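Please keep the sequence and the 3D view at hand while reading.

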Amino acid sequence: MTIRNLDKLFKPGSIALVGASKRQASVGAVLAKNLFSGGFDGPVMPVNPKHRSIQGVLTHQSIESLPLVPDLAVIATPPATVPGIISELGAKGTKAAVVITAGLDEPGADGRSLRQSMLEAARPHLLRIVGPNCLGTLVPGIGLNASFAHLSPKPGELAFVAQSGAVVTSVLDWATSRGIGFSHAVALGDMSDVDFGDMLDYLANDSGTSAILLYIEAITDARKFMSAGRAAARMKPVVVVKAGRHPEGARAAASHTGALAGADDVYDTAFRRAGMLRVIHLEELFDAVQTLSMVKPPEGDRIAIVTNGGGVGVMATDALMDHGGNLAKLDPETIALLDQHLPPTWSKTNPVDIIGDAPPERYAHALKAVISDPAVDAVLAINCPTAVTSPKEAGEAVIAAIGNPKLPILTSWLGDGAALPARQAFIGHKVPTFETPEDAVNAFMQLVAYRRNQTTLMETPPSMPEDLTPDLAVARSLIEGALETGKTWLNEPAAKTLMEAYDIPTAKTLTAATPRDAAKLATEFGGGVAIKILSDDILHKSDVGGVALDLFGPGHVEEAATAMLERVRTAMPDANIDGFSVQPMIRRPGAHELIVGMISDSTFGPMILFGQGGTAVEVMDDKALAMPPLNMRLAYEVMSRTRIHRLLKGYRDRPAAALDAVAATLIKIAQLVSDHPEIDELDINPLLADDFGVIALDVRVKLTPTERKGQERLAIRPYPKDLEETVRARDGRTFTLRPVRPEDEPAFHLGFTKLTPEEIQLRFFMPMKTLSHVMAARFTQIDYDREMALVLVDESAPGMAAIGGVARLAADPDNERAEYAIIVGQELTGKGLGRLMMERLIAYAKARGIGELYGEVLRKNKRMLSLCSKLGFNTNSVPDDPSIVKVSLDLGK
């Protein structure tokens, strides 16, 4: 369940407080006080057989004696009583409960945990539970304070959700003193039922919430969280603080990838992929939201700094460099314009130091000049108090000069008393202002990060250089064969064969049982060779002297192999040695050593790692993570977050590496681990990359038996290739019917240009001249876990494959109902394709367990209404709009 019955939790008409108390300072007494004094406009019914009244309100002896069914129950009773109370409430018709009580992990009389018994009692009644072990929930706009918080916050448009009640009360206290209000404040506690995914789904569609703030300790359902987070982040800012960034102990890992990929890196990757903005400290949550509410995110990361103090300009620049931002390089025309209005001693560059005696008009001239520079994405104005100028007047000049700016303007007026009037004026005119330049730079980089994350959500990826057609039979044979023999690691030749099955180039590798056999094999390569020890017990071969390079001739090889055997047996006497791997020396002068790997995170599933490889990979610590599935844009994005990426793009006389080949390798590894859930860890180190392409020199693959299917462990459902099929129209033409891909956006734009005005009206219910990028991106970049769009593709069309029709559905978060829409190009109507697409969409909805398919059809769209009738849809008129017919199909029949 996700948002089902959450309206009863946050918009109840009546409340029961089970465990209300008169005992001073008890949780039950504080809950009663908060519920009765919060201003809630509805009955609050205390339940406690020991008291006649509480807070002047008559109590009820039992749940059974309640005069009406409470929408919401707040429970603060001993742990053992909670499952029974939930059962009674559910039977009475209550649909939501906040369980304040802690200690439900203890076993009950039947041996099951009290928590499990509570959930089982709630399930038949679809009763939703926040908690247990929670502070409670607050909805200030309706006077609901179902918590034992020490205060009631003022109403506002920010929603704050955390697991920790202590964090919620601390934030409420901090925000109240600053006049910040909330639409919702929710402490989820142990998250037995309602979790972050549910809250994101609910708050994304709440009109009274303008931004969602999360304080996360852990995620329970990764796929639900990612789906809900991606949907919410498209609609409003989602800002996250993640606790536990530095665990006391790093997890033990056998692979380089496992050692490099920390748990916090995984969460950071998930937040970025979902389009959320992550901040480090609680106070930054509100700074980020305040800044986002006042200015639009910048187009880039180039900022111009205007200051009357050179020293603080340098401090701001240092902060910018620390955060990975860029100082804008001012255009010569801008420099010339500044020369006209600034003293000869001004800095002549960015930061623009307008000198300490700068009067208000100097600020105005400088700001107007840099704002008009096309190389500037944002401006930071800084003021240091001096005896010869007025910070207040300087601030007023800034406000007047910027007017309605086309780019973000941030300010930092240093000091306290002298700066206060200017800061107040900035806030009044919605100009973000900060006490220090470092805070202002941090806010600017948050804007940059938010823009990047949003762009990632909406950007159209390029197509793969070539289609990936892996040899699944070879891959399954290798994996199943290893597991049948009890192996947890593929040996090097098998691991490389697995790579080749996914079209990843590798160095040819042969195996030898003895040093003499290795010498014989070396002659087959006709040049220098490398030999490595072959043992399932030895993972890092170079650490025990198990690698020898640049060996020429059989004698040299046999001698090196014999010496290697002695070294390894001395270093690891208990290791079972199977022999040697022999491969040719790969000479790629100027090639970069990279690492591409995968780890399986316990929460988010497989994560792909990219970075600088080689034997010093952990020391260099230059890596970034990505969450599969990947496309070319996402692969390039993860590459761009590493230092080695700058070298891969070429420098001085070194040409750029084949970046498309590197990106394609990342995509292939993501596909490999999606197809085969037994792959638990994977390393390609090094992957050599130069302008000719890539080649994997060393590969390690760890296997773990599992009953799960490959795609089940992914936090984001990948492209459902199994839905692809070839279909035939009545006239004999064949088409490909498949799920939509993000890369289809250009074809959508092309297809839209071919629609007649009447077709556009029938599909979109309004005239449209163009299909915007945002709309096209939302049509093509779908969440396959909640949506489906089947496209009819004519692969025979010259140039870009033409899309002749689209049938789509979007399910609600509870997967109960799905809205459908369909459009078929005029040239393909009457050929049976529309019905075929609808039949496939209905079959898909049934397979997903969706209960009802519904839609709206213009009454004049006789063809669609006729098709709906033939498919068994019910039709109903819309009272407020006779031009529209509602159609619905019960899929449970």
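The points below are grouped by topic, after a note on the basis of the values. This is a predicted model, in which local features need pLDDT of at least 70 and side-chain atom pairs count only at pLDDT 80 or more, while totals for chains, interfaces and linings use all residues. Residues are numbered from 1 along each chain as its sequence is written, and side-chain values use heavy atoms, with hydrogens and water left out. Helices (H or I, at least four residues) and strands (E, at least two) are DSSP runs, numbered from the N terminus.

**The eight-stranded sheet**

- An open sheet with mixed pairing is formed by eight strands, in the order β31-β32-β33-β34-β35-β36-β38-β37; two strands pair if DSSP finds at least two bridges between them.
- The edges are held by β31 (725–728) and β37 (874–877); each has a single partner strand, so one side of each has no neighbour in the sheet.
- On average, neighbouring strands of this sheet are turned by 25° against each other, direction ignored.
- Strands β36 (residues 852–858) and β38 (residues 884–890) run antiparallel and are joined by seven bridges; L858 stands opposite I884 in β38.
- Helix α28 (residues 833–847) lies across β31, β32, β33, β34, β35, β36 and β38, and runs at about 30° to β34 (802–811).

**Strands β1 and β2**

- Strand β1 (residues 15–18) pairs with β2 in the parallel sense over four bridges, and A16 has M45 in β2 as its bridge partner.
- Strand β2 (residues 44–47) is covered on both faces, with V44 and P46 on one side and M45 and V47 on the other, all buried (under 20% relative accessible area, with a 1.4 Å probe and protein chains only).
- In general, the side chains of a regular strand alternate between the two faces of the sheet.

**Helices α6 and α7**

- Helix α6 (residues 196–204) packs against helix α7 (residues 222–233) at an angle of about 20°, with the axes 8 Å apart.
- The two helices, α6 and α7, are therefore roughly parallel to each other (angles under 35 degrees).
- F196, G197, D198, L200, D201 and A204 in α6 meet K224, F225, A228, G229 and A232 in α7, where contact means heavy atoms within 4.5 Å.
- The residues of this contact divide into six nonpolar, two polar and three charged.

**Residue E566**

- E566 lies in helix α20 (residues 554–571) and, at 54% relative accessibility, counts as exposed (over 50%).
- The C-alpha atoms of E566 and G546 are separated by 9.9 Å, and the two residues are 20 residues apart along the chain.

Note on methods: Axes fitted to C-alpha atoms, helices over the stretch in contact; angles between N-to-C directions. Parallel < 35°, antiparallel > 145°, perpendicular 65-115°, else oblique. Nonpolar A, V, L, I, M, F, W, Y, C, P; charged D, E, K, R; others polar.
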